[in-house]
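Please look through the sequence and the model shown below before reading on. The report that follows takes up one part after another.

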Amino acid sequence: MASRFIKALCLVLLLVQVAPARESAPFFSGAAINTGQQISLADYKGKVVFLDFWASWCPPCLASLPAYDRMRREIGTEGFEIIAINVDEHTEDGLAFLEKHPVAYPVLADREGGIGILYGIRTLPHSFLLDRDGRIVASYRSFKAGDEISLKQAIEKLLEQ
Amino acid sequence: MIIRILKFTILALLLQGLQSPALAATCSCAGVPLLTSIDTSATEQGDFFISYSTEYHQISDLVAGSDDVRDETGRDRNSISQVISASYALTDRWSVSALISYVKHNRTIGSSIFGKETTSGVGDSVILIRYTPLFITPFSRHELSLGLGARIPTGEDSFGSGFIISEDMQPSVGALGKIGWSSYSYAFNQAASLLLNASATYTDNDDNDRKYAFGNESSLSLGLSQSIGTKFGYSAALRYRSTRTDHRFGFAIPNTGGEWLDFVPAVQYSVTDNLKLTLFGRLPLTRDLNGTLQFTTSYSYGLSLTYGF
């Protein structure tokens, strides 16, 4: 009985399949809350895109936004863009932060999770690096000061391809 | 009886870890406090945690039914467990946790040196497979996890003066235990900094080689956990547990089994982004124990260190 039970447990483990990594970034569109411009991910095909999910209640997120804005200025926007997705239940909370710490890149609101669920967002911060073909090549689930340095290197490597 | 308490504590702590996304939990096993922390908080594919925990149990309360009885035997009994555990998320919904324990029991009866007895050794191990159909995200306030596992008798019998020592002084229960587990959490806010946690567990115990079977155990836990900033967190829970009477060769053992209601507080500090320290304790609120007299846990406390890769 005991060995049967342990065997059954092992079998369950073997049957559990690791989900294949998603390749193409799910499509989304919407109006940027900070610039008013209409955004569609498809418009950025041919560019390297950094997609950043954040909320006003997430301290690391608040540190990352200004850092990403500086990084964007350094890299330039010829072949690169950042799109931020604010997931605050109350978008005004996100806007209040943006008023104090404005960023030049577009920020979309995603209160209901229409975009976040597509990307499997469970914790914040969570960001994705997309190549010129719109494929996810890396994801990041944390941010601390200095992380933007290695991120910038990864972006520049993609821009060279 | 003591064994049962320890067994239960192990599982309860294990479950506590499972139910509290904010705080690591500890569990202890039969014979002695043993299992400790398995941090089974909801994880994402590829997450890997290793944890070390130690726990001290003072087992000196003498109880008749639900009444405390003055113990005049000069008896002192405690157990210390150390546990190493690991958890790995196979996918976003499936994870596996395992732990192994080392247990030391001390018992003194009277003032004679012959009344002192100490046993120690590798205790039981636990493996738990968990499935999480619902999890808390910025867009969902509910989390549900279901688990199936086993307590595996990895320890060896301890011998004293050529005789097998009593069950309550064994580092290991010595028998397989089948574990069913479930946990539910509700986030009061989008940041999930304040959570309601509930969990239920059931353990079905087999006979060991000495044909002794600890009574099957069930437990229910309800509590709150809160994160304060990015460094601190705390939790407080009420835990009810019930164990059936032990059996040897199929015959009921008197003065075993009962019901307990405990208060289980914990505080946590994140030393770094990857390392967190948790202090936890357990205090009995009420109990109603079978038979005429039973020794039972007076209190327990411990700490755990969890490192996430």
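In this predicted model, strand 4 of chain A, which covers residues 80-86, pairs with strand 5 of chain A in the parallel sense, and three bridges hold the pairing. Within this pair, Asn86(A) stands opposite Ala109(A), a residue of strand 5 of chain A. Both strands belong to an open sheet of five strands in chain A, whose order is 5-4-3-6-7 and whose pairing is mixed. At its edges lie strand 5 (107-109) and strand 7 (136-140) of chain A, each of which pairs on one side only. On average, and with direction ignored, neighbouring strands of this sheet are turned by 20° against each other.

Helix 2 of chain A, made of residues 59-75, lies across strand 3 (48-54) and strand 4 of chain A, and runs at about 165° to strand 3 of chain A. This helix has 17 residues and reaches 25 Å from its first C-alpha to its last, which is close to the 24 Å expected at 1.5 Å a residue. Which residues of helix 2 of chain A are buried? They are Cys61(A), Ser64(A), Leu65(A), Tyr68(A) and Arg72(A). An α-helix has 3.6 residues a turn, so residues three or four places apart point the same way. The buried residues of helix 2 of chain A pack against strand 3, strand 4 and helix 4 (147-160) of chain A. After the helix comes Gly76(A), whose phi is positive, near 90°.

Taken as a whole, chain A has four helices and seven strands, and these follow the pattern α-β-β-β-α-β-α-β-β-β-α when read along the sequence. Chain A has 161 residues, of which 29% count as buried. If one takes the contacts in chain A between residues at least 6 apart in sequence, 70% of them join residues at least 24 apart.

Chain B also holds an open sheet, here of three strands in the order 3-2-19, with antiparallel pairing. Its edge strands are strand 3 (67-69) and strand 19 (294-296) of chain B, and each pairs on one side only. From one strand to the next, the twist averages 50°. Strand 2 of chain B, residues 61-64, is joined to strand 3 of chain B by three bridges, and the two run antiparallel. In this pair, Ala64(B) stands opposite Asp67(B) of strand 3 of chain B.

| Sheet | Strand order | Pairing |
|---|---|---|
| Five strands, chain A | 5-4-3-6-7 | mixed |
| Three strands, chain B | 3-2-19 | antiparallel |

Elsewhere in chain B, Leu90(B) lies in the loop between strand 4 (76-89) and strand 5 (94-108) of chain B. Why does Leu90(B) count as partly exposed? The reason is that Leu90(B) has 19 C-beta neighbours inside 10 Å, whereas a residue needs 20 or more to be buried. Leu90(B) and Thr203(B) are 113 residues apart in sequence, and their C-alpha atoms are 24 Å apart in space.

The confidence of the prediction should be read alongside these details. For chain B the mean pLDDT is 82, and 84% of its residues reach 70 or more. Over residues 8-38 of chain B, however, pLDDT stays under 50, and for this stretch the model has 190 contacts beyond four places in sequence. For the complex, the predictor gives an ipTM of 0.80 and a pTM of 0.81.

Key: Residues numbered from 1 in each chain as written. Chains lettered and ligands numbered in written order. Predicted model: local features only at pLDDT ≥ 70, side-chain atom pairs only at ≥ 80, totals over all residues. Pairing = 2+ DSSP bridges. Axes fitted to C-alpha atoms, helices over the stretch in contact; angles between N-to-C directions. pLDDT = per-residue confidence, 0-100. Contact = placed C-beta atoms within 7 Å. Buried ≥ 20, exposed ≤ 12 C-beta atoms within 10 Å, placed from the backbone. Expected span 1.5 Å × (residues − 1).
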